[in-house]
Amino acid sequence: MLKYSIIIPVYNAEATLNKCVDSVLKQQFADFEVILVDDGSKDGSLQICEEYARKDNRVTVIHKENGGVSSARNRGLEIAKGTWVTFVDSDDYLGNEFFPTEELEADIVFGSYFNVMDAREAGGFSSEVMHGTTLGDVIACYGNDTILRGPCAKLFRRDLIGNIRFPEDMKVGEDTCFVWQYLSRCQTYSLLPKSTYYVRLSAMTSEQKYGMKVDYAVQSLTRLKAAFEPMAAHLGVRRSLFFSFVGYFKLVSSDEWKRNRALWYGNHCIKDFYRYVWPDLSVMQRVRLAMAFLLRK
């Protein structure tokens, strides 16, 4: 049986696509398929994808109307055949030994990632430092880190993914929804420090890239909470982890609510999110949260 399926969503990526796909095809372990999902690109990305498919029979190309990265990943999942599935963004790339040759027994496998800006490494995360007796311990320690927020730099068992899909109506947090839903089916984990994933950073801030209205932030947090609760109950993760996600959506919707603070602090759904995490917050976190509501900051 095919061991790995690599799903790469592609949209207007002609400037970075070659480096991305080459990094996959040059892997030392070669028992894999590459699924390139062109999401209605308007540049030369589709032609690049098709050229790879002509040269290497491990490459499959899907062309679809533009529907966003989640829909592209979901199309890839529909045809994936590997025992293990991983996702690579078309502007990122892999180290030479990303795929392990040994048999993997865990439910989820974490690799390492490094951020790259202007061709230079700019921080990252090595799975060598991850520790925890249980998967719940790992999530408690690293749940706010990129390594647990998105689908990249990981290996997922295709049989455990089952019917889980990326929510196509979310533009922020859809990655985390997928990961949390998957983790709710997991018991064990393993680490592969040599499996390195390189992330190309954008100079844009989160507010610039993901700025949104408060109503949209509430909708996204509601979806995230629905994915978080069963995962947290299954693995024994404290609610305080969700607190940081509320804070993140507060940040990216701040352009709207700072002009009218009642939009955030008076929203009954947002108050419910804070009530949900309150029992697991530290004394200092409770004090800061109470002060934020009193001072509206």
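Colleague: Does Ala153 count as buried or exposed?
Modeller: This is a predicted model: local features need pLDDT of at least 70, side-chain atom pairs count only at pLDDT 80 or more, and totals for chains, interfaces and linings use all residues. Residues are numbered from 1 along each chain as its sequence is written, and side-chain values use heavy atoms, leaving out hydrogens and water. The classes are buried (under 20% relative accessible area), exposed (over 50%) and partly exposed (in between), with a 1.4 Å probe and protein chains only. Ala153 has 3% relative accessibility, so the class is buried.

Colleague: In which loop does Ala153 lie?
Modeller: Ala153 is not a glycine, yet its phi is positive, near 65°. Elements here are DSSP runs numbered from the N terminus: helices (H or I, at least four residues) and strands (E, at least two). Ala153 sits in the loop between helix 5 (146–149) and strand 8 (154–157).

Colleague: What is the phi of Asn12?
Modeller: Asn12 lies in the loop between strand 1 and helix 1. It is partly exposed, at 34% relative accessible area. Its phi is positive although it is not a glycine: about 45°.

Colleague: How many residues apart are Asp175 and Arg73?
Modeller: The two form a salt bridge (side-chain nitrogen of Lys or Arg within 4 Å of a carboxyl oxygen of Asp or Glu), with closest N and O atoms 2.6 Å apart. Asp175 is in helix 7 (residues 174–183) and Arg73 in helix 3 (residues 69–79), so distant parts of the chain are linked. Arg73 is buried, at 2% relative accessible area. The separation is 102 residues.

Colleague: Which helix holds both Arg75 and Glu78?
Modeller: Their side chains meet in a salt bridge at 3.7 Å, N to O. Arg75 is partly exposed at 30%, while Glu78 counts as exposed at 54%. The two are three residues apart, about one turn, and both lie in helix 3.

Colleague: At what angle do helix 9 and helix 13 pack?
Modeller: Helix 9 (residues 214–235) and helix 13 (residues 268–277) have axes 10 Å apart. Contact (heavy atoms within 4.5 Å) involves residues including Phe228 of helix 9 and Phe273 of helix 13. Axes are lines fitted to C-alpha atoms over the stretch in contact, and angles run from 0 to 180 degrees between N-to-C directions. The packing angle is about 35°.

Colleague: Which helix holds Met291?
Modeller: Met291 is partly exposed, at 37% relative accessibility. The residue's place is in helix 14 (residues 283–295).
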